[in-house]
Amino acid sequence: MKQLIELYKQWSGGVEPASCECLPGAGSNRVYYRITAHPSPLATHQTVIGVVGTSCEENHAFIYLSRHFVRHQLSVPRVLAVSDDELCYLQDDLGSVSLFDAIKGGREAGGRYNLREQQLLRDTIRQLPRLQIEGARGLDFSQCYPQAEFDRESVMFDLNYFKYCFLKATDLDFHELKLEADFRLMAKDLTIESGDGSHEPVVSFLYRDFQARNVMLKDDVPCFIDFQGGRRGPYYYDVASFLWQASARYSHKLRRELVYEYYQALSQYVEVPSHRHFVERLSLFVLFRTLQVLGAYGFRGYFERKKHFIDSIPPAMENLRELLQMHNSPAAHYPYLMDVLRRLCEQLAPRPHREDAGKSPSEEKPSLVVRVFSFSYKKGIPEDESGNGGGYVFDCRSTHNPGRYKEYKHMTGLDEPVIRFLEDDGEILTFLDAVYKLADHHVERYMERGFTSLMFCFGCTGGQHRSVYSAQHLAEHIHQKYGIEVRLCHREQKITQTLK
């Protein structure tokens, strides 16, 4: 710290600081200090942040990137002074409130974020494309550390990190050569420059560690820190990193909205692929990022015995389960990997609550399974295969129909433009508010009484827009609120999904 104080004195014109407070550590080897000046009307900075690092290469990368981003008027801290050996430097103090802190309430409420928290997330995700695209203009990627580009070698490193630090630690049996073949195929797919071949390759800055902890809020304006591991790479990676962070527990609806906010913001800077293609490509990066973080959690948790990382494994595994259950799951392109991941999910399935542990199957309380259908009235109401005669049937035809408009005719209630149409119109939201109240009461009573089957159906004219939207949202609502198995079927699209 002595070298840091000397640097501060040089920068401040020989004035000693009033105090130097060590800040809580993060995941890196750098140590941060808040340095406070003596009260003075001439002081341009009352406080600055001092950084002491062990890697001059890593520090050099941050210093170069910060100065480059500041020239492009991006929201990052300015570097104010640097030691000759670049082992310590001073930067702007952006305050003490990170986005991670500001959305703590929603995170601790299991993913129920209030309107202010949702707005902060939207403001942040809208700023990301500017950093990625504008920040890449004129950037010398050779200055990046530890490498200049997201390439197949770096993908294989992360996938093998997952294999050795997480998969092997579970003692799951697998064939290494078959898994390696799927890893290589995934690495090839992830590093294709242009996803659909219709656009020029986009030069973008891959932040790599884009997460809520690395976003500071200064007067509620997002400012970005800790980007020293960035490099040239695909913009999908950062979206996956931010929105599928294990502990955040964003709802499916909020996550979809934030993806769309990003997609719209990105379109202001580059020519974007179709929204459908964008989402499909993103899902592949979500799979990769999930495996990558499991590798990190395995190393930090299983080997270094750090509780925070062990506690992060179950929500990360839940993200993986959801990916495998998706219609057109990205893992389906890698059959052996898909098999390994399914067996991994079964092996690491949540254990029974303590009061249920040790009970025989006959003693355990039966679990409720909810089945939700969308359908077209022209083709009849779905049959109840349980033999219980069916449950609720809701008629969505009173709400505004997107199918009447040409641009939506070939889409469904799963497509973002249709979702936007319905939610901006608002009728479907009022309709579902009443449905949720009725469904919640019914689910709770069925669980209390030990029933095992409940059915909800949503019908509209073609079974394509309003009914699909409603069925999808009720299924996600019940699954998120009660944690029970929901079997979803969009009958006319032949799409099925199980939320376990």
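Colleague: How do the axes of helix α14 and helix α15 cross, and at roughly what angle?

Modeller: In this predicted model, the axes of α14 (residues 427-448) and α15 (residues 466-482) come within 10 Å and cross at roughly 40°.

Colleague: Why is α14 called oblique to α15?

Modeller: Set the angle against the cut-offs: under 35 degrees would count as roughly parallel, and 65 to 115 as roughly perpendicular. The crossing is at roughly 40°, so α14 is oblique to α15. The crossing is also right-handed.

Colleague: Which residues meet where α14 and α15 are in contact?

Modeller: From α14, they include I428, L432, V435 and M447, and from α15, they include Y469, L474, I478 and Y482. By class, this contact has 13 nonpolar, three polar and four charged residues.

Colleague: Now to a loop. What makes V203 count as partly exposed?

Modeller: Buried means under 20% relative accessible area and exposed means over 50%. V203 has 38% relative accessibility, so V203 counts as partly exposed. You can find V203 in the loop between α7 and β6.

Colleague: What does V203 touch, leaving out residues up to four places away in sequence?

Modeller: V203 touches Q132, I133, A136, F141 and R232. As for L139, V203 and L139 are 64 residues apart in sequence and 9.9 Å apart in space, C-alpha to C-alpha.

Colleague: And helix α6: which of its residues are buried, and what covers them?

Modeller: Among the buried residues of α6 (residues 152-167) are V155, L159, F162 and F166. What covers the buried residues of α6 includes helices α7, α10, α11 and α12, along with strand β9.

Methods: Residues are numbered from 1 along each chain as its sequence is written. This is a predicted model: local features need pLDDT of at least 70, side-chain atom pairs count only at pLDDT 80 or more; totals for chains, interfaces and linings use all residues. Side-chain values use heavy atoms; hydrogens and water are left out. Buried means under 20% relative accessible area, exposed over 50%, partly exposed in between (1.4 Å probe, protein chains only). Helices (H or I, at least four residues) and strands (E, at least two) are DSSP runs, numbered from the N terminus. Contact means heavy atoms within 4.5 Å. Axes are lines fitted to C-alpha atoms, for helices over the stretch in contact, and angles run from 0 to 180 degrees between N-to-C directions. Angles under 35 degrees count as roughly parallel, over 145 as roughly antiparallel, 65 to 115 as roughly perpendicular and the rest as oblique. A crossing is left-handed if the near helix is turned anticlockwise from the far one by less than a right angle, and right-handed if clockwise. Ala, Val, Leu, Ile, Met, Phe, Trp, Tyr, Cys and Pro count as nonpolar, Asp, Glu, Lys and Arg as charged, and the others, Gly among them, as polar.
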